[in-house]
Amino acid sequence: MVALSDFQRIGVGLVGFGLFFVLFGVLLYFDSVLLAFGNILFLSGLVFIIGFKRTFTFFFQRSKMKGTSFFLGGVIIVLMRWPLLGMLVEAYGFIDLFRSFFPVAFGFLGSLVNIPLLSKLLQKMEDSSSMV
């Protein structure tokens, strides 16, 4: 298991709360205050986890400027109380920014099937799913 410093633990909590507020804001018909609060918590949590310099260099690489501009532009649009348009722009920027991370994440999710307890649970769910 990876040892986390106190700042990184705080960052994980901030990112978790940020994702919760974004999800809750979407569920409440794109409530702009919850979405803005979630965006701010997510970005500040990211800074706490990987540090200010590494966050800055990640977002402002030449190859990721398009994704960064869309993501941060979407955050600004949400802060200006246009939540639906802001979230659409932000989602496009998020996908463009983290495109190289998706294969790693899907590979990790695929490796979860090799865990004995989860594989048994998935087999039981597979067997019990019938059309009748």
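Contact means heavy atoms within 4.5 Å of each other. Helices here are DSSP runs of H or I, at least four residues long, numbered from the N terminus. This is a predicted model: local features need pLDDT of at least 70, side-chain atom pairs count only at pLDDT 80 or more, and totals for chains, interfaces and linings use all residues. Residues are numbered from 1 along each chain as its sequence is written, and side-chain values use heavy atoms, with hydrogens and water left out.

**View 1. Helix α2 and its neighbours.** The buried residues of α2 pack against α1 (6-27), α3 (52-59), α4 (65-79) and α5 (83-97). Buried means under 20% relative accessible area, exposed over 50%, and partly exposed in between (1.4 Å probe, protein chains only). Among the buried residues of α2 are S32, L34, G38, N39, L41 and G45. The 19 residues of α2 should span 27 Å at 1.5 Å a residue, and the end C-alpha atoms are 27 Å apart, which agrees. The expected span is 1.5 Å times one less than the number of residues. After α2 comes G51, with a positive phi near 95°.

**View 2. L35 in its surroundings.** L35 sits in helix α2 (residues 32-50). Its relative accessible area is 0%, so L35 is buried. Leaving out residues up to four places away in sequence, L35 touches F21, V22, G25, V26, F30, V78, P83 and M87. F48 is 13 residues from L35 in sequence, and their C-alpha atoms are 20 Å apart in space.

**View 3. The nonpolar cores.** A nonpolar core is a set of buried Ala, Val, Leu, Ile, Met, Phe, Trp, Tyr and Cys residues joined through side-chain atoms within 4.5 Å. The largest has 10 residues: V15, F42, L43, L46, F58, F59, F71, V75, L97 and F98. Helices α2, α3 and α4 each give two or more residues to this core. The most, three residues, come from α2. Apart from this core lies another, of five residues, including V22, L35, A36 and M87. In soluble globular proteins, nonpolar side chains tend to be buried together. Back in the largest core, V75 touches N39, L43 and E90, not counting residues up to four places away in sequence.

**View 4. The largest pocket.** The largest pocket has a volume of about 730 Å³. A pocket is an open set of points on a 1 Å grid over the protein atoms alone, where a 1.4 Å probe fits, with protein on both sides within 12 Å along at least five of seven lines; lining residues have an atom within 4 Å of a point. Of the 20 lining residues, V15, L19, F42, F94 and F98 are the closest to the centre. Helix α2 gives the largest share of the lining, six residues. By class, the lining has 16 nonpolar, three polar and one charged residues. Ala, Val, Leu, Ile, Met, Phe, Trp, Tyr, Cys and Pro count as nonpolar, Asp, Glu, Lys and Arg as charged, and the others, Gly among them, as polar.

**View 5. Two loop residues with positive phi.** Most residues other than glycine have a negative phi. Y29 has a positive phi near 55° and is not a glycine. Y29 lies in the loop between α1 and α2. Its relative accessible area is 76%, so Y29 is exposed. R81, also not a glycine, has a positive phi of about 70°. R81 is in the loop between α4 and α5. R81 counts as exposed, at 56% relative accessibility.

Key:
Grid points are joined across faces, edges and corners, and a volume is the space filled by probe spheres set on the points.
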